[in-house]
Amino acid sequence: MEQNKSSVPLMPRESAKFISQYSKNVSINEEGVKKLSHMIIEGLKSGEISKENFFNHEFLPKEYDSKVIDWIFVLNTLNFCFWRNKNDNHWEVMGESGYFALCAAIKRGLEEGIPILDPSYYSKITKNELENIFRSDINNVEIPLIDERVQNLQEVGRVLLEKYNGTFLECVKQSNGSALKLLELIVADFVCFRDEGVFRDQKVSFYKRAQIVVADIWACFKGKGLGNFHDIDALTMFADYRVPQVLVYFDAMCYTTSLLNSLQSETELKAGSEEEIEIRGCAVEVVERIVREIKSQLKDSDFNAIQIDFYLWFFRRQHANKLETVPFHKVRTIYY
């Protein structure tokens, strides 16, 4: 009996290629891809873009030992949906917003003696406990999707206790230095990381948070020791709501007038909708093309999609005001 076309998801790279071929609302502009590639090449030559520049922030861990593996896993179990509507107050912790507010909240919790990295604790965490960990600098401003964050922590905590001796380090050891194997383990065993959808009757995947777990370990350990993955290039960029905004800003990716109007009017897209999948899929494919362009120009380069993603994400933070001219797609989801 022939297997249903959509029963097994394509991996993120293949998903992106498939989506970009059939996309109606989002297109890729080769001229923009080349211009952005050239800008990144100049950054590589000047040293502005370097592996040493990633995973370097006051609220990120400084001691790179086995404990940091559990920190990275907890962080990315919670690393999603920080956007706000235009007139809403930011959720802020210790003066930081978004992802770095999450990092700051976890660091503060650890300093207060909360065992936030211990699955025996967070597998039973309550909403009140997590609200305290994520309390904002501004009164009455709550981190979005608090119930989903509680559920994620409880779920992954139970799996770690049942299958991995209470530590994500066991998963890393079982991957035997393969980024792809670690990705597959995460997606197979931790349901909240299973970032998949259906496009044109084909099951597709992005695995944004699962890929970031692997990439953060690689970046944190600078590709050595626990971060030494022989197939790190198997990972794609991390399809979120911010990097596509940068790609549109640089004309590497374009939206139809109707989609652009919809995003400008602050319309929320539905998770798994055609438009959302096209934005994410085309963004991944643009970065794949940038990687190929850079490797064709710099023959011995070991540059990969992770570094491009990190660079573009930080570019958006550094030039936030400039990029406000380009709307980002808004989706309430646990996947990014």
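The model is predicted. Its largest pocket has a volume of about 1,100 Å³, and its largest nonpolar core holds 121 residues.

**Largest pocket**

- The pocket, with its volume of about 1,100 Å³, is lined by 50 residues.
- Closest to the pocket centre are Phe 82, Tyr 241, Arg 242, Arg 316 and Arg 317.
- By class, the lining residues comprise 24 nonpolar, 15 charged and 11 polar.
- Five helices each contribute at least two lining residues: H4 (98-111), H10 (208-220), H12 (257-264), H14 (305-318) and H15 (320-323).
- Helix H14 has the largest share of the lining, with six residues.

**Largest nonpolar core**

- Among the 121 core residues, those that touch the most other members are Phe 134, Phe 168, Phe 190, Ile 217 and Met 253.
- The helix that gives the most to this core is H13 (residues 274-297), which supplies 10 residues.
- With neighbours within four places in sequence left aside, Phe 134 is in contact with Leu 78, Trp 91, Val 93, Leu 102, Ala 105, Arg 108, Ile 143, Ile 146 and Arg 149.

**Thr 77 in helix H3**

- Thr 77 belongs to helix H3 (residues 67-77).
- The relative accessible area of Thr 77 is 0%, so this residue counts as buried.
- A polar atom of the Thr 77 side chain lies 2.8 Å from the backbone oxygen of Phe 73.
- Not counting residues up to four places away in sequence, Thr 77 touches Asn 152, Leu 153, Val 156, Phe 193 and Arg 209.

**Helix H9**

- Helix H9 spans residues 179-189, and its buried residues are Ala 179, Leu 182, Leu 183, Leu 185, Ile 186, Val 187 and Asp 189.
- An α-helix has 3.6 residues a turn, so residues three or four places apart point the same way.
- The cover over the buried residues of H9 includes helix H7 (146-163), helix H8 (169-174), strand S4 (196-199) and helix H10.
- At the start of H9, the backbone nitrogen of Leu 180 has a side-chain oxygen of Ser 178 within 3.4 Å.

- Most residues other than glycine have a negative phi.
- Because its relative accessible area is 32%, Arg 200 counts as partly exposed.

**Gly 272**

- Gly 272 is placed in the loop between H12 and H13.
- With a relative accessible area of 45%, Gly 272 is partly exposed.
- Gly 272 and Val 198 are 74 residues apart along the chain, and their C-alpha atoms are separated by 7.3 Å.

Note on methods. Residues numbered from 1 in each chain as written. Predicted model: local features only at pLDDT ≥ 70, side-chain atom pairs only at ≥ 80, totals over all residues. Heavy atoms only, no water. 1 Å grid on protein atoms, 1.4 Å probe; cavity = no way out; pocket = protein on both sides within 12 Å on 5 of 7 lines; lining within 4 Å. Points joined across faces, edges and corners; volume = space filled by probe spheres on them. Helix = DSSP H or I, 4+ residues; strand = E, 2+ residues; numbered from the N terminus. Nonpolar A, V, L, I, M, F, W, Y, C, P; charged D, E, K, R; others polar. Core = buried A, V, L, I, M, F, W, Y, C linked by side-chain atoms within 4.5 Å. Buried < 20%, exposed > 50% of the residue type's maximum accessible area, 1.4 Å probe, protein only. Contact = heavy atoms within 4.5 Å. Polar contact = N/O pair within 3.5 Å; in protein donor to acceptor, adjacent residues only side chain to side chain.
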